[in-house]
Structures are given as structure tokens and as C-alpha cells.
Amino acid sequence: MRGTAVLAGLAAATCWLVLFSLLGSGLASRVWWTVVAGGAAWLSALLLVRYGDRGVAVGVAVATGIGWAIAGGAVAVHWGLTGDWPLW
């Protein structure tokens, strides 16, 4: 596994998640867009593991995990500060 392939997957998935999250207007819609984009990224990572470059798949999976963690953290902070669950 090449480090450049991992970095390429990391960069591509980061751009993918950021672009999709920018489609949302508020916290809830941004989080849902991030979840949907992350699901698509994970599916592509699974296909890359089977048929493509495993290094790129690792980068995509890592970026998706970090993106989902950031989105979950934003939801937790909002919920903790306001007492209002933002996703419903």
C-alpha cells in the first residue's frame, strides 16, 4: 500500500464530504448530507478494496470516519448546549 494512494483517497473523500455538506443550509441538513455522502464514499471504498487500489480505499474510509465523527460531534455540542436534538 502506497502512502500517496492513501493521501489521494483521503483528499478525494474529504472534498466529497465537504462539497456535500455545503448543500445543507442548517446543522441538521448538513449532517444528513454528510451521512449520505459518507455512505456513498464507504460503498466506493468497498468497491476499491475488491477491484481497485486498497490504499485509496483506506484513505476514503479514514476521511469518512473523521467526517462522520465531526458531524456527530457537532450534533452532540448542539444538543448539549440547547437541549434540542437537531436531527428530527
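User: Which residues make the nonpolar surface patch, and what is its area?

Analyst: The model is predicted, with local features needing pLDDT of at least 70 and side-chain atom pairs pLDDT 80 or more, while totals for chains, interfaces and linings use all residues. Residues are numbered from 1 along each chain as its sequence is written, and side-chain values use heavy atoms, leaving out hydrogens and water. A patch is made of residues with over 30% relative accessible area and no salt bridge; nonpolar side chains (Val, Leu, Ile, Met, Phe, Trp, Tyr) are joined within 5 Å, like charges within 9 Å. Accessible areas come from the Shrake-Rupley method with a 1.4 Å probe, and for residues only the protein chains shown count as cover. Here W32, V35, W42, W68, W79, W85 and W88 make a nonpolar patch of about 820 Å².

User: Which helix gives the largest share of the nonpolar patch?

Analyst: Helices are DSSP runs of H or I with at least four residues, strands are runs of E with at least two, and both are numbered from the N terminus. Helix α2 gives the largest share, three residues. W42 lies in α2. Both α2 and α3 supply at least two residues each.

User: How many helices and strands are there?

Analyst: The protein has three helices and zero strands, in the order α-α-α along the sequence.

User: At what angle do α2 and α3 pack?

Analyst: Axes are lines fitted to C-alpha atoms, for helices over the stretch in contact, and angles between N-to-C directions run from 0 to 180 degrees. Helix α2 (residues 27-51) packs on helix α3 (residues 54-82) at about 160°, with axes 9 Å apart. That makes α2 roughly antiparallel to α3; the term covers angles over 145 degrees, with under 35 roughly parallel, 65 to 115 roughly perpendicular and the rest oblique.

User: Where do the axes of α1 and α3 come, and at what angle do they cross?

Analyst: The axes of α1 and α3 come within 6 Å and cross at roughly 40°. That makes α1 oblique to α3.

User: Which residue forms a salt bridge with D53?

Analyst: Side chains of opposite charge can pair when their charged atoms come close. A salt bridge is a side-chain nitrogen of Lys or Arg within 4 Å of a carboxyl oxygen of Asp or Glu. D53 pairs with R2, with the closest N and O atoms 3.4 Å apart. D53 lies in the loop between α2 and α3 and R2 in the segment before α1 (3-21), so the pair ties together parts 51 residues apart in sequence.
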